Amino acid sequence: VSGIYLRQPLTSTVASLMAPPSPFSQQLIENIGFPLYYPTKMPAGFKFEVKSIEAAEGVVMYVISDDNNKIVSFSLQSQTEGMTIDSAVNSLKAVKDSRKLNTPVGEGATGTNEQEKLTIASVLTGKTWVLINMPEGTLSNADIDLILGSLKQAK
């Protein structure tokens with residue numbers, strides 16, 4: 001029994017040690033005014049483009065990409081009071097193939113904006129609106145779920 005008890009803390013410790021470190025500067029984390037999130041797992045071949053991080057007018061943006069020039073864009077901003085996952089999906093017109101999901105950091109949804117040919121994912125954490133968009137067909141639902149399920153708050 002003690003072996004099982006000891007294994008759990010060790011497993012979670014190893015997992016946290018193996019997660020990539022926050023890509024954001026400590027100054028940005030402290031000054032932006034809302035929690036920042038980044039994916040700790042990405043689809044095969046994708047990497048976080050640290051040089052893409054930009055902060056302007058209360059929005060933090062960055063991208064992940066692969067060697068085939070596939071780009072997934074992230075934007076993070078303060079979640080407005082009263083915002084719901086339904087209002088986020090509707091405001092983005094991401095209603096085609098829309099689906100809701102729970103992530104470790106909050107309620108999420110994905111869908112396609114047919115006019116702009118974009119696949120969009122939103123996550124509301126309670127303080128931060130994580131918005132992810134990419135050209136339609138860039139990632140599978142499983143790849144999007146992998147990213148959303150691995151979002152981690154920067155410390």
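How many bridges pair strand 3 and strand 4 (residues 71-78)? They pair over seven bridges, in the antiparallel sense.

This is a predicted model, in which local features need pLDDT of at least 70, side-chain atom pairs count only at pLDDT 80 or more, and totals for chains, interfaces and linings use all residues. Residues are numbered from 1 along each chain as its sequence is written, and side-chain values use heavy atoms, with hydrogens and water left out.

**Strand 3 and its partners**

Helices (H or I, at least four residues) and strands (E, at least two) are DSSP runs, numbered from the N terminus. Two strands pair if DSSP finds at least two bridges between them. Strand 2 (residues 47-56) and strand 3 pair in the antiparallel sense over six bridges. Some bridge partners are listed here.

| Residue | Bridge partner | Strand of the partner |
|---|---|---|
| Lys47 | Ser65 | strand 3 |
| Val59 | Gln77 | strand 4 |
| Ser65 | Ile71 | strand 4 |

Both pairings are hairpins. The hairpin of strand 2 and strand 3 has two residues between the strands, and Glu57 takes a positive phi near 50°. The hairpin of strand 3 and strand 4 has five residues between them, and Asn69 in the turn has a positive phi of about 65°.

Val63 lies in strand 3 (residues 59-65). Contact means heavy atoms within 4.5 Å. Leaving aside neighbours within four places in sequence, Val63 is in contact with residues including Phe48, Ile71 and Val72. Val63 and Met134 are 71 residues apart in sequence, and their C-alpha atoms are 9.9 Å apart in space.

Is strand 3 enclosed or open? Six of its seven residues are buried, so strand 3 is largely enclosed by the rest of the structure. Buried means under 20% relative accessible area (1.4 Å probe, protein chains only); exposed means over 50%, and partly exposed lies in between.

Seven strands form an open sheet, in the order 2-3-4-8-7-6-5, with antiparallel pairing. Strand 2 and strand 5 (96-103) are the edge strands, and each pairs on one side only. Neighbouring strands of this sheet are turned by 15° against each other on average, direction ignored. Axes are lines fitted to C-alpha atoms, for helices over the stretch in contact, and angles run from 0 to 180 degrees between N-to-C directions.

Helix 4 (residues 141-149) lies across several strands, including strand 3, strand 4 and strand 5, and runs at about 30° to strand 5. The buried residues of helix 4 are Ile144, Ile147 and Leu148. Seen down the helix axis, they fall within an arc of 95°, so they line one face of helix 4. The arc is that of the directions from the helix axis to the C-beta atoms.

**Cores and rings**

A nonpolar core is a set of buried Ala, Val, Leu, Ile, Met, Phe, Trp, Tyr and Cys residues joined through side-chain atoms within 4.5 Å. The largest one has 29 residues, and those with the most contacts inside it include Phe24, Leu36 and Leu148. Among the elements that give two or more residues to this core are strand 3, strand 4 and helix 4. A second, separate core has 12 residues, including Met83 and Ile120.

The structure also holds four aromatic pairs. Phe24 and Tyr38 form an edge-to-face pair, 6.2 Å centre to centre with 75° between the planes. Phe24 lies in the loop between helix 1 (2-18) and helix 2 and Tyr38 in strand 1, so the pair ties together parts that are 14 residues apart in sequence. Rings of Phe, Tyr and Trp (its six-membered ring) pair if their centres lie within 6.5 Å; planes under 30 degrees apart count as stacked, over 60 as edge-to-face and the rest as tilted. Both Phe24 and Tyr38 are buried.
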